[in-house]
Amino acid sequence: MALVLNEEQRLLAETAREFLQKEAPVSALRALRNARDPLGYDPELWRQMAELGWASVILPEDVGGLDFGFSGLGVVLQETGRTLAASPLFATAVVGASALLLGGSEAQKADYLPQVAAGELTLALALEESHHHRPHHIATRLERSGDGFLLSGEKLFVLDGHSADALLVVARSAGETSSRDGLSVVLVPRDTSGVEIERTIMADSRNAANIRFNAVSIASNQVIGTEGEAGRWLEDVLDRGRIAMAAEMLGSVEEVFARTVAWLKERVQFGVPIGSFQALQHRAASLQAELELARSVVLQALTVVDEQPQQLAIMASLAKATLNDLGRHATNEAVQMHGGIGVTDELEIGFFLKRARTAMQILGDTGFHKNRYATLCGY
Amino acid sequence: MEDLDQFREETRQWLEANCPASQRLPNTPEEQYWGGRRGSFASDDARVWFERMRDRGWTAPEWPTAYGGGGLTPQQGQILKEEMKRINARTPLYSLGLWMLGPALLEYGSEAQKQEHLRAIVNGEFRWCQGYSEPGAGSDLASLQTRAEDQGDHFLVNGSKIWTTAADRSDWIFCLVRTDPHAKKQEGISFLLIDMASPGVSTTPIELISGDSEFCQTFFDNVRVPKSNLVGKLNQGWSVAKALLVHERKLMAEIGGDSPRKEIPPVEAARRYLEFTDGRIANAQLRSDLVDYEMRMHAIGLTHMRSFEERAAGIKGTVGLAMKYLGTEAIKDKNELLLAIMGTRGLGWEAPGFTPEELDTTRLWAMSKAMTIAGGTSEVQLNVIANHVLQLPQPPKAATEY
C-alpha cells in the first residue's frame, strides 16, 4: 500500500502539522525576513525538530536514526512546505545526510552521521556553477598537493551555504568541464581558511549563498568516498533531493490552494461569493484535478526511494517536473483569484508565490526534468 | 496478504489452464462478444472461454454468488484483472448490463428484479443499452421529456432517447422517464426497464464524424411497460441515475472507450514516423508534446493505483471524481499528438495508400472528440468537482444539480 499513508506516517504528519503551525507559521518567516536575521532560521526551532527526530528520519538506527525512510520524511517535508518553515531540514537531513549515507566511507558515516542525526552538524551541498541546474558542468578543481589536495572554484545558489557547519563541495578531479566522470565530493568546514562566503538575499527570503574556494587545503580524509568516483552515487543523492523538494512543494501547493478556495467562498462581489462564478469554479476544479495527480506522483516517488531504486531517476524527474508546473500554476492562480489583496505584502500568498519560483530552480527546472524524462525513455 | 498470494497463484493456474490460446490475442470489433438474443460467437474458442468464465461467476467477478457472480472481494477482483491482463486474456463478455445496470440494480433493485435480471446479465442472455440523453436534454439531463404515464396496471411511454449505444442490436433498455411533469425537474423522474421487443419501440442509427454509427436515436410510441419494471421508488429515478453515472464515468476513465481499433502507442509512433538525431526526436516541439503526454499518463496511471488503494483501505477519497475529466482529456490529447507525429499519414480516410493502423488512427482521432462529451462533458465534470469536492457555492440563479 504505497500510495496510502500507513498509521505511523499519518501520526508523523499530524505531529508535524501541529508543531509547525504553532512553532513555524508563515509569520515566522516574515519575522526572519523583516529582522534581516543573520542566520536565516531559528536555531531553537531546529533543536526542537531534531528532538522530534526529523534530522534523522532517513538515517539507520545504528547511527541514531529514526529509519522511517523517505515515505516518512516526505510527510514531514510536506508540512514544512505548508508553513514555508525555514530550517536546515532539506539541505542537511535530506541532501547532506543522503550524500554521506550513499557516498561516505564507513569511517565517515560513523564520524558524521550521528552528529547529523542529533541535529548538531548542519550541511550544505555546493554544486551549481551557473544560473541553471547543470549537475555535471563542474569547473571547480580538486588538485593533488603533497599528502592532500587544493580546492579552487566558485559555487552559486548553495542552499544554507552561509549557515551550514560544513560544505559538501562537488569538484572535478579529472576530465573536461562537462564530463560525468572524474567528480569528487569533499567535506569542508565553513570556517576553513580560503573559503569566502557571500550570502545572497533571494525573493523567497530563504537561505542561499555564493561561495568561492581560493586554493583551500583539503586533507585526504575530507574526500567523501573515493576521489574521482562521486559520479557513482551523486546522481542518486540529487534524485533524492528532487523527490524531497517535490514533497515540500506539494505541501505548499496544498496550502496555497486551500487558502484560495477559502477566499472564493468568503469574498463577496456583485452580491454573491465569487466562488459561485463558473469562470472561477472551473479554474479551481482543474487545479484540484492537477493536485490529485501531483499527490499520487509524490507518494509514488517517495516509495520508490525506499523500495524500487531502479525507478529512482525517472520518478524523480516526473515528480520534480510535475510539482514545478503545478507550483507555478497554483501560485499564479492564487494571486489572481485573490485580486488586489493578492499582490500586497500583507497577505501571505506572496510568500508562497516567491518560494515556488525558488523551489522550481532547486535541482532542476521543468525543462531540465522533461528533457531528462524523455532521454531516460529513449526519445 | 498470504490468502491473496494464494488466490493469485490459483487464479494464474486456472487462467493458464482454461483460457484458450486464441483468446489471448487482441480482438477485432467483430470478435467481441456482447451477448443478447442476436449475439453470436466469432469462434468456438470464444464460446468456450465465455462459458468457462461464466460458470465460475467471473463475467461479474465481484457480484454476489447468489446472482451468478464470483463473490470476489475488491482486492481479489483486482488480482483477477491483473492476471487476465498478464496473459492478455480477452474480456469474455462485453456488456452495459455488467458495467452499468447491474451495480445500480444491486443497490436499488427489488429482490424480484435482481432475480430476473442479474443472472441473465452474468449469462449474457440480453444485451442492454442506456436511454438517458434526449434531443433536448444533454448536459441538462434533468430536463428530459420522455413521458411515462400511469395507466393503472402499466406505464404508457412516449418520447425519444438519443446516443443510445447499439440500440439497434440491444434487447433491453434502461431509461430515465418523466413520471411527474409538475414536480421540480429532478423530482419527477423515474428509472424504467423496457423490453425493446415491445410494440412501439423503434431505432435509427446516427452517423458520426468518425464514419461510425455506434449510436442510435430510439423512439417510444405508446409503449406499454409493466409497473414491475420500475427500479427504485416512483419519481426517485434521479438517485438511481446518479449512482449509475458514477459507474459510467469510472468506466470511461478506466477503459477510455476500450476501442478495438488498433492504434499505435505515441512513443512507438514517434519511432516510426519521426526523425531522430543522437537518439532524440529531432523536432523539438513534438518531443516536448510527447514527453508532456507521457508524463501525464504516468501520473494518471499512478492516480488510478492510488484510487484503488484508497478504496481497498476503506478511505472515501475524492480522487475518483477527477478521473473522468483527466482520463478523457488525456485521450483527446493522445489522438491529437498521434496526428501531429504521423503528419499526412495520420489523415488517411480509406485504403489504398494507408496501412490499416494508419486508417484506424484517423478514425480514432475523430472518435476521441466524443470522449469529453459522452457520460458528462468535461465542463460538467468540473462543475461536479467545484461543487462536490471544493464545495464552492452553486452559481447564482441556475437551478442545476450535476
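**Entry 1: H4 and H7 of chain A**

I began with how helices H4 and H7 of chain A lie against each other in this predicted model, and I found that their axes come within 7 Å and cross at roughly 40°. H4(A) and H7(A) are therefore oblique to each other, since only angles under 35 degrees count as roughly parallel. I also noted the hand of the crossing, which is right-handed where H4(A) passes H7(A). On the H4(A) side I listed Phe70(A), Gly74(A), Leu77(A), Gln78(A), Thr80(A), Gly81(A) and Arg82(A), and on the H7(A) side the contact includes Arg240(A), Ala244(A), Ala247(A), Leu250(A) and Glu254(A). Sorted by class, the residues of this contact come to five nonpolar, six polar and five charged.

**Entry 2: H7 and H9 of chain A**

I stayed with H7(A) and turned to H9(A), where the two helices pack at an angle of about 25° with their axes 8 Å apart. That angle makes H7(A) roughly parallel to H9(A), and I recorded the crossing of the pair as left-handed. The contact of H7(A) with H9(A) is made up of 18 nonpolar, five polar and five charged residues.

**Entry 3: H10 of chain A**

Next I asked myself how far apart the end C-alpha atoms of H10(A) are. Helix H10(A) covers residues 349-361, and because each of its 13 residues is taken at 1.5 Å, it should span 18 Å; I found its end C-alpha atoms 19 Å apart, which agrees. I then looked for the buried residues in this helix and wrote down Ile349(A), Gly350(A), Phe351(A), Phe352(A), Arg355(A), Ala356(A), Thr358(A), Ala359(A) and Met360(A). These buried residues of H10(A) pack against helices H2, H4, H7 and H9 and also against strand S3, which is made of residues 148-159 of chain A.

**Entry 4: H8 and H9 of chain B**

I moved to chain B and looked up helix H8, residues 284-312, and helix H9, residues 319-342, whose axes come within 10 Å and cross at roughly 155°. That makes H8(B) roughly antiparallel to H9(B), and H8(B) passes H9(B) in a left-handed crossing. Among the residues that meet, I noted Leu286(B), Tyr293(B), Met297(B), Ile300(B) and His304(B) in H8(B), and Val319(B), Met323(B), Leu326(B), Ala330(B) and Leu337(B) in H9(B). The contact of H8(B) with H9(B) has 12 nonpolar, four polar and five charged residues by class.

**Entry 5: backbone details**

Pro352(B) sits in the loop between H9 and helix H10 of chain B, the latter being residues 356-368.

I also looked at two residues with a positive phi. Ala215(A) has a phi of about 45° although it is not a glycine, and its place is in strand S7 of chain A, residues 207-218. With a relative accessible area of 43%, Ala215(A) is partly exposed. Trp163(B), which is not a glycine either, has a positive phi of about 60°, and I located Trp163(B) in strand S3 of chain B, residues 154-165. Because its relative accessibility is 41%, I counted Trp163(B) as partly exposed.

Glu31(B) belongs to the loop between helix H1 and helix H2 of chain B, and at 28% relative accessibility I counted it as partly exposed. What separates the C-alpha atoms of Glu31(B) and Phe41(B), which are 10 residues apart along the chain, is 7.3 Å. Leaving out residues up to four places away in sequence, I found that Glu31(B) touches Pro26(B), Ala42(B) and Arg90(B).

Last, I asked which residues are in contact with Phe276(B), leaving aside its neighbours within four places in sequence. The residues I found are Gly378(A) and Tyr379(A) from chain A, and Ala270(B), Arg271(B), Ile281(B) and Ala282(B) from chain B. Phe276(B) is in strand S9 of chain B, residues 276-277, and it is partly exposed at a relative accessible area of 29%. Phe276(B) and Ser22(B) are 254 residues apart in sequence, and I noted 37 Å between their C-alpha atoms.

How values were computed
Residues are numbered from 1 along each chain as its sequence is written. Chains are lettered from A and ligands numbered from 1 in the order in which they are written. This is a predicted model: local features need pLDDT of at least 70, side-chain atom pairs count only at pLDDT 80 or more; totals for chains, interfaces and linings use all residues. Side-chain values use heavy atoms; hydrogens and water are left out. Axes are lines fitted to C-alpha atoms, for helices over the stretch in contact, and angles run from 0 to 180 degrees between N-to-C directions. Helices (H or I, at least four residues) and strands (E, at least two) are DSSP runs, numbered from the N terminus. Angles under 35 degrees count as roughly parallel, over 145 as roughly antiparallel, 65 to 115 as roughly perpendicular and the rest as oblique. A crossing is left-handed if the near helix is turned anticlockwise from the far one by less than a right angle, and right-handed if clockwise. Contact means heavy atoms within 4.5 Å. Ala, Val, Leu, Ile, Met, Phe, Trp, Tyr, Cys and Pro count as nonpolar, Asp, Glu, Lys and Arg as charged, and the others, Gly among them, as polar. The expected span of a helix is 1.5 Å times one less than its number of residues. Buried means under 20% relative accessible area, exposed over 50%, partly exposed in between (1.4 Å probe, protein chains only).
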